[in-house]
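Welcome! Take a moment to look over the sequence and the 3D view, and then let us walk through a few features together.

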Amino acid sequence: MKDLVRQKLSIHVDIMDLLNKQIEKEAHSSSAYLAMASWCDHNALSNSADFFYEQAAEERDHMMKIFRYINDNGGTAYSPEVGGVNHDFKSLEEIFETALDQEISISKSIHNLVGKCRKVNDYTTEYFLQWFIGEQMEEEQTMRRALELFDLMGTEGLGLKLLDERIPQIRNKNAE
């Protein structure tokens, strides 16, 4: 019976499996951003904390978008287990460096998915993933802009506090 259901999928079976792995990556990103937000809260960097709480919510939204896409197209989406989330950071700059690395990794994963879609002629899923490509480009740019601020303002004392005040503007600028 399971094989018969899989034959009626709108998406390719291998793509469905890769999308379920992407769900895990998005869930891990969401949890990682929560850990970053918590670190910021504990270090009196409230704007940065808010930024990362919002990032965590966005990553969960991305996860849910993929989750529903799989189910809406006859597949089975699996709720991910999340482990291995780092909670220990030395600085806000390290957090943003980690966030950039994380976004680059997600971008590569999405690009690999698109490549696989092309190989198996899953045009519907390729079209669906185009939104994620644009979103990832924006996410990477946001993290790069934040890291540029560290070079301009420094990582200690008043410079760090002024940087924290600028963080909300980074998201707004990239949203334009």
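This is a predicted model: local features need pLDDT of at least 70, side-chain atom pairs count only at pLDDT 80 or more; totals for chains, interfaces and linings use all residues.

Glutamate 148 and arginine 145 are three residues apart in helix α5, so about one helical turn separates them.

Helix α5 also holds arginine 144 and glutamate 140, which sit four residues apart, again about one turn of the helix. These two form a salt bridge, and their closest N and O atoms are 3.2 Å apart.

How many salt bridges does the count come to? The total is three. Besides the pairs described above, arginine 118 forms a salt bridge with glutamate 126, and the closest N and O atoms are 2.7 Å apart.

Is arginine 118 buried or exposed? With a relative accessible area of 52%, arginine 118 is exposed.

Now let us turn to the inside. In soluble globular proteins, nonpolar side chains tend to be buried together. The largest nonpolar core in this model has 25 residues, and those with the most contacts inside it are Cys40, Phe52, Leu92 and Phe96. Which helices each supply at least two residues of this core? They are α2 (13–42), α3 (46–72), α4 (92–119), α5 (123–153) and α6 (157–175). There is also a second, separate core, made of 20 residues, which includes Ile15, Ile70, Ala77 and Leu129.

Setting aside its neighbours within four places in sequence, phenylalanine 52 is in contact with Tyr33, Met36, Ala37, Cys40, Leu92, Ile95, Phe96 and Ala99. Cys40, Leu92 and Phe96 in that list are also among the residues with the most contacts inside the largest core.

Cysteine 40, one of the contacts of phenylalanine 52, is buried, with a relative accessible area of 0%. Cysteine 117 counts as buried as well, at 0% relative accessibility. How many disulfides are counted in the model? The count comes to zero.

Conventions. Residues are numbered from 1 along each chain as its sequence is written. Side-chain values use heavy atoms; hydrogens and water are left out. A nonpolar core is a set of buried Ala, Val, Leu, Ile, Met, Phe, Trp, Tyr and Cys residues joined through side-chain atoms within 4.5 Å. Buried means under 20% relative accessible area, exposed over 50%, partly exposed in between (1.4 Å probe, protein chains only). Contact means heavy atoms within 4.5 Å. A disulfide is a pair of cysteine sulfur atoms within 2.5 Å. A salt bridge is a side-chain nitrogen of Lys or Arg within 4 Å of a carboxyl oxygen of Asp or Glu.
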